[in-house]
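Me: I have a new structure open and would like to go through it. Can you take my questions as they come?

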Amino acid sequence: MFIVRLFLFKSLVALILVNGTVVGLEWTEYHNLDEIYEWLSDMEAKFSPLVTVYTIGYSYENRPIKAIKVSSRPGNQAIFIESNIHAIEWISSAASTCFLNNLLHSNDKNLEDLLLRYDWFLVPVMNPDGFAYSHEINRWWRKNRKPTGFSNETGPCYGTDLNRNFNYEWKKSDFPLNDPCDHWYHGSAPNTEPEILALQNFINQFEDSYIRLYLAIHAYGNFVLLPYGHTIEIFPPNYDQMMRIAQGFADAAVIKYNTTFKCGASGLLNHSGYVSGDAKDWIYGVKNVPFAATIELRDNGGYGFLLPADQIAEVCTELTDGMVGLIKAAEMERLLTPNI
């Protein structure tokens, strides 16, 4: 059965390479939610049954939250990626979808190995309401769009920062996040937002030890941020191991364009201050996934959140190369066991 699946997979890849890349996303411009979701459906249609698209839940405004899974054989360990939990960070979904496209279409031996040896999950837009709002109304929007029930001088206040609402050390940072009208509002309690509940419920269905790496793709700052975000006094038991794996990403990502990534606990490095209740700390602290990181893509602040679209391809290359380096390091640390 495995040989049949492997032959089918490589035949599908070869067919699509001959006939050109999948249409829909060009990665020369930023795409909206409908275009990204259309691309997911196109990938599933062309690569089924090895590619599956799930609706893992719905946003406050009833938009679907979609995930794509790529699995070439049974028994693989899994790598889970999420992006655009912050609506403003368009480069995150652009780079993560581009990386997955590279993974599915490249004839590079490194990427072929990653595709065959591991299962891959991607939630390209964790915050569909905020993402749509940032495209249609306010480019600077960060949060989701659920009303907070409060108002200020500008009118009703909307949205919770989804990456501050997870139920792990919620509200433990000293950074003031309790203003319902604030850009970084953490919510009235942990786990109040339908988007993160959808993600948690999806992940909770998997067996323990299946997901071995969790990567939250963000922007900006050129960081690989590790647990924990709420403190600089407590570090994970395998922090040194995670640092070596994170450095594998940085060492590989710097080669093409000399973009330097700093690695370390987000409490030490995060430019917006301490972070509590974020996805990577929840997945590490509650689900016991042994490597969890937030990857902050380009740049260092020259363009910030408004990174020009003509840099998408280079950022995608950095992410792709970095992922290859990260996984090789995780294999050397025996945190990942490739299914050979």
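Predicted model: local features only at pLDDT ≥ 70, side-chain atom pairs only at ≥ 80, totals over all residues.

Me: Which helices each supply at least two residues of its lining?

Reply: Those are α3 (90-105) and α5 (128-136). The most comes from α3, which gives 4 residues to the lining.

Me: Which residues line the largest cavity?

Reply: The lining consists of L25, W27, E29, Y30, H31, I36, W90, S93, A94, T97, F131 and H135. By type, 7 are nonpolar, 4 are polar and 1 is charged.

Me: Moving to the outside. Which residues form a nonpolar patch on the surface?

Reply: The patch is made of I232, F235 and L268, and together they have about 250 Å² of accessible area.

Me: Where does L268 lie, and why does it count as partly exposed?

Reply: L268 is in helix α8, residues 266-269. L268 counts as partly exposed because its relative accessibility is 46%, and that class runs between the cut-offs of 20% and 50%.

Me: Salt bridges next. How many does the count come to?

Reply: The count comes to 15 salt bridges. One of them joins D42 and K46, whose closest N and O atoms are 2.8 Å apart.

Me: Why are D42 and K46 separated by about one helical turn?

Reply: Because they sit 4 residues apart in helix α2.

Me: Is D42 buried or exposed?

Reply: D42 is buried, with a relative accessible area of 17%.

Me: What about R298 and E314?

Reply: Their side chains meet in a salt bridge, at 2.9 Å from N to O. R298 is in the loop between β10 (291-297) and α10 (312-332), while E314 is in helix α10, so this pair ties together parts 16 residues apart in sequence.

Me: Is R298 buried or exposed?

Reply: R298 is buried, with a relative accessible area of 8%. E314 counts as partly exposed at 29% relative accessibility.

Me: Which other residue forms a salt bridge with R298?

Reply: E318 does, with the closest N and O atoms 2.7 Å apart. E318 is in helix α10 and R298 is in the loop between β10 and α10, so the pair links distant parts of the chain, 20 residues apart. Both E318 and R298 are buried.

Me: Where are P49 and Y220?

Reply: P49 is in the loop between α2 (33-47) and β1 (51-58). Y220 is in the loop between β7 (211-219) and β8 (223-226).

Me: Which residues have a positive phi without being glycine?

Reply: N62 has a positive phi of about 70°, and N191 has a positive phi near 60°. Most residues other than glycine have a negative phi.

Me: Where are those, and are they buried or exposed?

Reply: N62 is in the loop between β1 and β2 (64-70), and it is exposed, with a relative accessible area of 55%. N191 is in the loop between β6 and α6 (194-204), and it counts as partly exposed at 24% relative accessibility.

Me: Last one. How far apart are Y158 and I295?

Reply: Y158 and I295 are 137 residues apart in sequence and 27 Å apart in space, C-alpha to C-alpha. Y158 lies in strand β6, residues 155-158.

How values were computed: Residues numbered from 1 in each chain as written. Heavy atoms only, no water. Patch = residues over 30% accessible without salt bridge, like charges linked within 9 Å, V, L, I, M, F, W, Y side chains within 5 Å. Areas by Shrake-Rupley, 256 points an atom, 1.4 Å probe, with all protein chains shown as cover. Salt bridge = Lys/Arg side-chain N within 4 Å of Asp/Glu carboxyl O. Buried < 20%, exposed > 50% of the residue type's maximum accessible area, 1.4 Å probe, protein only. 1 Å grid on protein atoms, 1.4 Å probe; cavity = no way out; pocket = protein on both sides within 12 Å on 5 of 7 lines; lining within 4 Å. Nonpolar A, V, L, I, M, F, W, Y, C, P; charged D, E, K, R; others polar.
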